[in-house]
Structures are given as structure tokens and as C-alpha cells.
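Thanks for coming, everyone. Let me put the structure up, and then we'll walk through it.

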Amino acid sequence: MEEVTPLASRQNALSSLEVETQEEYKVYNDTYTPNDDTFLYKFLPIEYVNKLYPTNVPRTVQLLRIENLAVPACYLCVGLLQGLSGPFVNVYPLFLGATEAQQTTISSIRSLPASFKLGFGFFSDNVPFMGYRRKGYMFIGWAMSSFSMIALLALSNLDRLQINNDDDDKDNSTSFVPPGDAPSIQMLTLTLLLFGTGFWFADVMGDSIVAEKAKMEPAAYRGQLQSTCYACRFFGLMIAAPVSTVLYTKFGPKLIVTLMALLPLMMLMPIYNLFEVKNAPVKATKEQCGEIWSTVCSRAVWQPMGFVYVYNVLQIGNAAWREFLMSVLLFEDWQLNTLFVIANVLLYMGVMAYKYYFIKYSWRAIYVGTTLLNAVLSLLQILLIQGITFGLSPFVFALGDDVFADFIAGVQFLVSLLANARN
């Protein structure tokens, strides 16, 4: 007759630290934690409080609790910074006199640290910082992003000088030029690399925390945690992209870089309040690799993930498309940024469409449907190259062609993200 709990039956074989850690997790992950200890309990009717802090899911999954608030805030900050930096990187290097090759390199270098996300996660799993596997490194990542932009502000002049044009055909027209102490292309590249490294490092910590919390989701809510977090991310991207475009046009790059320095600093207080068990036992590297291998060997994992990998490998992007829009179709900066802004809006709409509508459909059916739509959009790009726009201007034609592809990408993104969560 087994009446003892698993924790009690193994207590003699565990160290005091392991017992304390498991007890802490047990209390924190109590499924039926009441919400009368929340901040909004005193100010809102109980039916609204129950929606914000549902008592039928574990406390660890209630993202609006102060000890969990850093998780959605991290995703929101990622989206805001992607939206702020996108138009800036699109335009500012060219303003400094960068060649198209240099501009493309800068854009790639900003995203280069994302290629090492697996290594970032594995490092934090094996080398805790001040007793924490996620919290400390998330703090370091956002601090690095902020200080890199502060360095760019302190060591260079990001103002724009307004000059009068000497062209007789343009009476009283003015334009902007960079000052003599503007950042060099090399310095701009280095600071954006450091910014991206901290940015993606913190993002990996957020992904790791969500992956751990998702294990506690009840079956009826499976996938909602991740889809909510990524909805926060793409919402931030959708809002920040047009704001960045307007602010850059009216006030110049200095304000954008200032915001890119301040936003990560606002993350530090939520990270301080983030709940994470300190000095939790760390599994040996060999044991972790064994668990990863066992997971990968599961058909429920390797089959859908193998398909997603092969599918994405076969998606051959047109690296020269932006150059074609600028050099052949003569798109101006505001037109390129408009494409970027509307694409981000439709990307968010695609994510939300999946979260609230397409999530009930088979991911196979979604991939078949979106692939057929992508094929149609690719044919429309060929028509644009051939100059066949059915009477529409190239910009309007590209607007409908390019940006709708981002709506499809938003739907596909959550499908690939949640394919394993459902298995």
C-alpha cells in the first residue's frame, strides 16, 4: 500500500538542497492558487480578475503575476526593439555613405547572434550565474544591449546637419548630411553586433523559461502560453515599426538610438522580481545531452521537426529583392519603410489569426494552404519584375504582394513553434 508521496519516498536519497528546491517548486506550481493576493484584486470586479489570473491553471502559467511579469515583458521588449531598429538599420547606414553591400552586411550582423541561440541556452543550462540559470543571464543580456547603444550615443554624434541645396531647380530646398564626427561604418557595425548579442541572449532566456512553464500547462490550455508570449512580441513589433519610421523622419537617428538604450533598462526591474529557484541542481552535461538525444529520437518530435527543417531549407529567399526595389523600381526610403511597417502589421495579424482561429486546424492542412498561397505570391513577384502590374503603380503592387507574405509567415511561425507542444 503506497500512501507516501514521491517526494517523501525519496527524501532520504536526496540532498537537503534538492528537497528544498522541490518543495519550492511544489508550492509555486500549485494548480489552485487563489488570486486574492494579486494587485488588481482590490480594484477590479472578481470576474475580470479571474480572467487575468485564472485559478484553473498553475500559478507559474499566470503571466500577469509580478513574479512572472518579466516573461511577457521580455517578449514585448524584443518586439519593440526589433521594430525600432528595423527602419533605423534600413536607412541610417546609407545616410552615412555605406554601400549596398555594407548595408546588407550590417543588417546580417545585427541578426548574427541569433544563430548561436542553441549555444546560449546550453551554456545557461550548465553554468548558473549567481545561482540562477535564466534570471542572471537575462539581466546581463538586456544590460549589454543598453550599454552598447549608450556607447554609440557617447562616442559619436548622431545628429543630422541641415543644409541648403545649391540646385537652382529646387528653391529653398534643404537636405540632411551627417556631421564630421558621425559614427563610422565599423563603429556602427560593432555596436549593433553587441546590441544584437545581448538582445538575443536575453531572448533565449525568455524562450527557455517559457519552455519550462509550458510543461505545467493543462492539456486544455496546451500551446496558449507560447502563443500569448509571441503575440506580445509581434504586437510590439507592429507598434514600434511605424513609430520608429515617424520619429526617425521628424527627429533623426539620435532619438531612435536613445529609445533603444532605454527600453532594455526598463526590463531590469521585472527581471529582479522574476521567480526562479536559486541554486537548483544542475544535471551533468552528459545527462543533458542524453535527454536531448532521447527527445530527438521520439517520432513525435523528429518527424514534424524534420519536415519543418526541410520545408524552411527549401524556402529560397530573394536576397536581391530589396536592391531591385531601390535600383530598378527606384523606391525611396519612405516606401521601403512603409513596406516594412505594413508587413509587421500583417505579421501580427497572422499570429493572432492562428491563435484565435487556425489553432483548431491540423498543422498539415495549414502548411498545404499557406504553401499554395506562397506560390501565388511568388508568381506575382515575377509579374512585377516583368512590369506587369495591371495598371497599378509598382509600389501599390509590391505593397499587396510583399506584405501579404508576412501574414502567411505569421501563421506558419506559430504552427512550427507549437507542433511539438501538441505531441
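Of the 423 residues in this chain, 43% count as buried. Keep in mind that this is a predicted model. The chain exposes about 22,500 Å². Carbon and sulfur atoms supply 65% of that area.

On secondary structure, the chain has 17 helices and 2 strands. Now the contacts. Take those with a separation of 6 or more: 78% of them join residues 24 or more positions apart.

How far can we trust it? The average pLDDT is 80. A score of at least 70 is reached by 86% of the residues. Over residues 1-22, pLDDT stays under 50. For that stretch the model has 14 contacts beyond four places in sequence. Where pLDDT is low, the predicted coordinates should not be read in detail.

Next, the aromatics. A search of the whole structure turns up 14 aromatic pairs. Take W142 and F199. Their ring centres are 6.1 Å apart and their planes stand at 90°, so this pair is edge-to-face. What does the pair link? It links distant parts of the chain. W142 sits in helix α7, residues 135-155. F199 sits in helix α8, residues 185-214.

F199 has another partner, W200. Here the ring centres are 4.9 Å apart and the planes are again at 90°, so F199 and W200 are edge-to-face too. How accessible are these two? F199 has 4% relative accessibility and counts as buried. W200 has 10%, and it also counts as buried.

There is also a ring cluster. Ring pairs join F120, F123, F129, Y137 and F201.

The charged end of K135 sits over the ring of Y272, 5.9 Å from the ring centre. The charged end of K250 sits over the ring of F251, 6.0 Å from the centre.

On to salt bridges. How many does the structure hold? There are 9.

Start with E67 and R59. Their side chains meet at 2.7 Å, N to O. Buried or exposed? E67 is buried, and R59 is buried as well.

Now D203 and K117. Their side chains form a salt bridge at 3.0 Å, N to O. D203 lies in helix α8 and K117 in helix α6, residues 117-126, so this pair ties together parts that are 86 residues apart in sequence. D203 has 1% relative accessibility, so it counts as buried. K117 has 24%, so it counts as partly exposed.

K283 is partly exposed, with a relative accessible area of 41%. E291 is partly exposed as well, at 36%.

Back to helix α8 for a moment. T191 is in that helix. With 6% relative accessibility, T191 counts as buried. What does T191 touch? Leaving out residues up to four places away in sequence, T191 touches S148, M149 and L152.

Last topic: backbone angles. Two residues have positive phi without being glycine.

One is M130, with a positive phi of about 55°. Where is it? M130 lies in the loop between α6 and α7. M130 is exposed, with a relative accessible area of 63%.

The other is N279, whose phi is near 60°. N279 is in the loop between α11, residues 268-273, and α12, residues 285-297. At 40% relative accessibility, N279 counts as partly exposed.

Notes:
Residues are numbered from 1 along each chain as its sequence is written. Side-chain values use heavy atoms; hydrogens and water are left out. Helices (H or I, at least four residues) and strands (E, at least two) are DSSP runs, numbered from the N terminus. Buried means under 20% relative accessible area, exposed over 50%, partly exposed in between (1.4 Å probe, protein chains only). Contact means heavy atoms within 4.5 Å. Accessible areas come from the Shrake-Rupley method with a 1.4 Å probe; for residues, only the protein chains shown count as cover. Rings of Phe, Tyr and Trp (its six-membered ring) pair if their centres lie within 6.5 Å; planes under 30 degrees apart count as stacked, over 60 as edge-to-face and the rest as tilted. A charge sits over a ring if NZ of Lys or CZ of Arg is within 6 Å of the ring centre and within 35 degrees of the ring normal. A salt bridge is a side-chain nitrogen of Lys or Arg within 4 Å of a carboxyl oxygen of Asp or Glu. pLDDT is the predictor's confidence in each residue, from 0 to 100.
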